[in-house]
Each structure stands twice: as structure tokens, then as C-alpha cells.
Amino acid sequence: MEQETLIFGLHSVIEAIQAGKTIEKIFIQKGLQGNLAHDLESLIRKESINVSYVPIEKLNRLTSKNHQGAVAQISPIEYHDIENLVLDVIESGKTPLFLLLDQLSDVRNFGAIIRTAECTGVNGIIIQKKGSAPINGDTIKTSAGAVFKMPICRVDHIKDAMFHLQASGIAVIAATEKTNDTIYDIDFTVPCAIIMGSEGRGINPSVLKLADSKAKLPLLGSIESLNVSVACGAILYEVVRQRLV
């Protein structure tokens, strides 16, 4: 992990959160006690920050400095406000195309999706604060720098983002095998947002039931699923194909 993206020490991490720094994730030593540790955990809950409770050996690998049981990773990018981004895209006259990632956890998959999204004209990617892959050096490298060009929004809950998109006239399409419709049955020429699920679980059932429509990729072999970044690329290029016709 790049040292320039790390903050270490209980006081420093607390001050960074209070100063409004965008924190990707906080690593806290398992069993950490004391008033400062309690204050930090209260802030983490209040701000819905990703947190992992780890052995001290993990923290020692992250930094050789006196971390006091807490290390935070600062985001290398500034996140966009979803309401402003959606409004800007609509007012631009473009046909909106957004991606929602429902707690995708692998940073390399995240980076690959960002790269493909930038190449296919996606207007923005929306992720949830909790449970989502952070943007770190691996994400940046896998995205080939596209992370600095692609607007990314972080929201408290994916469902809130769905409601806002739908209220803005943008259809939400879930990529899932739990349907008879393939991506070739869906009209992607309209304003739309595509939801991709996490690597292991897929799309959360409570999120899935809110989608306007569902679509799957036809699988002709014996393997039951594709890597999520590969599947996302196939779907996005079907969007491109339809919109270029």
C-alpha cells in the first residue's frame, strides 16, 4: 500500500475524519481499547466508513511508524455528488449511461470495470460506501489511469441511488442470471443504469427487486458464470452496439 495514501495513529486518523478527508478504509487493531479508540469507532459508524479489525502484524506491515493500532487509507480521488452528476449529464443532452456496483470487493475487478466504462462512454460509476472495493494503487494500475477520468460517486446505500436515477427518468437494469431475458432483449438506447453484483453473492436480493428490468448473458459452455469485469464489458459493448446503430 502506497505510504503517501496512509494516515497512522489514533489522533491523526480522528483529525483526518473530522477535517472531512475522504477515507477509503480504516484498519484497527483487534481488541483495541481506550477512549480514543472508542471515539474513533463512533466516528466510523457516524460517517459509514469501511473498517477492518486486523491483527497488529497487519498494521506493522502497512507502516513501520507508531500507528497506535489504527491506520487509515486516504482516497486518491475526489468523489462526485450523485445529484449534481446526474443533472449535469441530463442537461448535456447525452443519453445517460451509469454503472452501479453493488459491493464489488476486488480492487482489480473494480479497476478493470473503470477502464472499460471509460472506453464505452459511461457517464459515471456509483458505489456504496460500505462493503465496496477501495481505490488504491492496484485499482489505479488496473484501470490504466481511467480512475482519474471517470466520475465516481459514493452513496450510503445503492437503493437510494436507484431511487434517484429512476426519479430522474433513468431505467435501472440488473445484470443477473435470475431472468429469462438476455442482454439482447433489452433496449439500451434509452437512458439507463446497469447494476453489477459482487463477485461471490451477485446483486443483493433487496436491490434486485427494485430494478426496472433484468438481463443475463447467454452462457453456452459448462461454466455457470463469467468474471464480473468480463461480464460488465460484454454488456457495455452491447450498449455501444445498440447506440451506434
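## The largest pocket

Sorted by class, the residues lining the largest pocket come to 14 nonpolar, seven polar and six charged. Since this is a predicted model, please read that tally, and everything below, as computed from the prediction. The space in this pocket is about 650 Å³. Its lining holds 27 residues, and those closest to the centre are A175, T176, E177, S225 and L226.

Which elements give two or more residues to this lining? They are α8, covering 205-208, and α9, covering 228-244. Helix α9 gives the most, with three residues.

## The second largest pocket

The second largest pocket has about 340 Å³ of space. Its lining is made of 18 residues, and K21, T22, E47, K129 and R154 are the ones nearest its centre. By class, there are six nonpolar, five polar and seven charged residues in this lining.

Two strands deserve a mention here: β2 (23-29) and β7 each bring at least two residues to the lining of the second largest pocket.

How many cavities of 30 Å³ or more does the count give? It gives one, and the space in this largest cavity is about 30 Å³. You can find it in the structure by looking for the residues around it: E24, N50, Y79, I127, Q128, K129, S132, A133, P134 and R154. That lining divides into four nonpolar, three polar and three charged residues.

Strand β7 runs parallel to β6, residues 124-128, and four bridges join the two. Within this pairing, I125 has I152 of β7 as its bridge partner. Between the strands comes helix α6, residues 137-142, and β6, α6 and β7 build a right-handed β-α-β unit.

## Two buried loop residues

A146 sits in the loop between α6 and β7. Why is A146 classed as buried? Because its relative accessible area is 6%, which is under the 20% cut-off. Apart from neighbours within four places in sequence, A146 contacts I114, R115 and E118. A146 also has I113 at a distance of 9.7 Å, C-alpha to C-alpha, although 33 residues separate the two in sequence.

T179 lies in another loop, the one between β8 (171-175) and β9 (192-196). With a relative accessible area of 16%, T179 is buried too, because anything under 20% counts as buried. Which residues does T179 touch, leaving out those up to four places away in sequence? They are K214, A215 and K216.

Key. Residues are numbered from 1 along each chain as its sequence is written. This is a predicted model: local features need pLDDT of at least 70, side-chain atom pairs count only at pLDDT 80 or more; totals for chains, interfaces and linings use all residues. Side-chain values use heavy atoms; hydrogens and water are left out. Two strands pair if DSSP finds at least two bridges between them. A crossover is right-handed if, with the strands pointing away from the viewer, the path from the first strand over the helix to the second runs clockwise. On a 1 Å grid over the protein atoms alone, a cavity is a set of points where a 1.4 Å probe fits but cannot get out, and a pocket is an open set with protein on both sides within 12 Å along at least five of seven lines; lining residues have an atom within 4 Å of a point. Grid points are joined across faces, edges and corners, and a volume is the space filled by probe spheres set on the points. Ala, Val, Leu, Ile, Met, Phe, Trp, Tyr, Cys and Pro count as nonpolar, Asp, Glu, Lys and Arg as charged, and the others, Gly among them, as polar. Buried means under 20% relative accessible area, exposed over 50%, partly exposed in between (1.4 Å probe, protein chains only). Contact means heavy atoms within 4.5 Å.
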